[in-house]
Amino acid sequence: MDSFDPEAASGPGPDIAALHDAIVSGDPARAMPALARLREVSEDQAIPLLLLGLEQTTFMVRSLACAGLGVKRNEAGRQALERFLRSDADANVRAEAANALASHGVERAWPLLRSAFEADDHWLVRCSILSALAEHPQMDPERLLDLAELALRDGDGSVRVGGAEILGRLVREAGSGLIPTSDDGVPQPWQRARSLLMAHQADPDHRVVAAALDGLQV
């Protein structure tokens, strides 16, 4: 859907009409630099062109458009990212959509990203979700533990490394007093995290073992 407004092309800054023509040209060598330049313009100017980028056939162009929609944000862009997370044929695009959605707010993104993590078994998508949420300050410990446990059941070592790194965050934050503990006998997320890290010292992938050992160093 081309919602480009020629009237928005006037004024200082990049030539919006020229950026529009480059994005829809079908030539990635023109489209990608044009998408990158959209960081210099307002959301009202950038988002319609980023949405056009999502319609292009080259996956690199769609990926870059997703990244842009994580920076230039509105509801239309968020809804587009949801669609592409669920349905794009290329894992690179789905991964970039997942990362961009986290930038729109973790409260809204969490159920979508958790569902995508379960439904999409591509390692790149799962690693992108882990990366987007692992250090997000608004992720609570229970959700992080849930995500890490999902990751540690994955057959791909890279995904399990991401899960182990999340567990390490939980253990570190407990050690620094950021995660409250209780005396009611109910294991806290950091306690479960520590137990899982200890278990994964025997993981068949040496990278997971290294991440587990690092996470236990508090």
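Color the chain by secondary structure and run along it from the N terminus: the elements go α-α-α-α-α-α-α-α-α-α-α-α. That makes twelve helices and zero strands, where helices (H or I, at least four residues) and strands (E, at least two) are DSSP runs numbered from the N terminus. This is a predicted model, in which local features need pLDDT of at least 70, side-chain atom pairs count only at pLDDT 80 or more, and totals for chains, interfaces and linings use all residues. Residues are numbered from 1 along each chain as its sequence is written, and side-chain values use heavy atoms, with hydrogens and water left out.

**Whole chain**

Switch to coloring by pLDDT, the predictor's confidence in each residue, from 0 to 100. The chain has a mean of 91, and 89% of its residues reach 70 or more. Now select residues 1–10: pLDDT stays under 50 there, and the model has 13 contacts for this stretch beyond four places in sequence. A contact here means heavy atoms within 4.5 Å.

Of the 218 residues, 49% count as buried, meaning under 20% relative accessible area, with exposed over 50% and partly exposed in between (1.4 Å probe, protein chains only). Among contacts with a separation of 6 or more, residues 24 or more positions apart account for 59%.

**Stop 1**

Select Ile-16, in helix H1 (residues 16–23). Ile-16 counts as buried because its relative accessibility is 3%.

**Stop 2: H2 against H4**

Show helix H2 (residues 28–37) together with H4. Their axes are 10 Å apart and the packing angle is about 5 degrees, with axes being lines fitted to C-alpha atoms, for helices over the stretch in contact, and angles running from 0 to 180 degrees between N-to-C directions. The pair is therefore roughly parallel (angles under 35 degrees; over 145 is roughly antiparallel, 65 to 115 roughly perpendicular and the rest oblique).

At 11% relative accessibility, Ser-63 is buried. Setting aside neighbours within four places in sequence, Ser-63 touches Asn-92, Val-93 and Glu-96.

**Stop 3: two loops**

Move to Lys-72, in the loop between H4 and H5. Lys-72 counts as buried because its relative accessibility is 13%. Beyond four places in sequence, Lys-72 is in contact with Leu-38, Arg-39, Val-41, Ser-42, Glu-43, Ala-46, Ile-47 and Leu-50. Asp-44 lies 28 residues from Lys-72 along the chain, with 8.8 Å between their C-alpha atoms.

Then jump to Asp-88, in the loop between helix H5 (75–87) and H6. Asp-88 has a relative accessible area of 8%, so this residue is buried too. Show its contacts beyond four places in sequence, and you get Arg-62, Arg-83, Val-93 and Arg-94. Leu-54 is 34 residues away along the chain, and its C-alpha atom is 9.8 Å from that of Asp-88.

**Stop 4: the core**

Now for the largest nonpolar core, which has 67 residues; Leu-38, Leu-113, Ile-129, Leu-133 and Leu-167 have the most contacts inside it. Helix H6 (residues 91–103) supplies the largest share of this core, eight residues. Such a core is a set of buried Ala, Val, Leu, Ile, Met, Phe, Trp, Tyr and Cys residues joined through side-chain atoms within 4.5 Å.

Zoom in on Leu-133. Outside four places in sequence, Leu-133 is in contact with Ala-102, Val-106, Trp-110, Leu-113, Met-139, Leu-144, Leu-147 and Arg-169.

**Last stop: H10**

Finish on Val-171, in helix H10 (residues 157–175). With 4% relative accessibility, Val-171 counts as buried. Leu-197 is 26 residues from Val-171 in sequence, and the C-alpha to C-alpha distance between the two is 9.5 Å.
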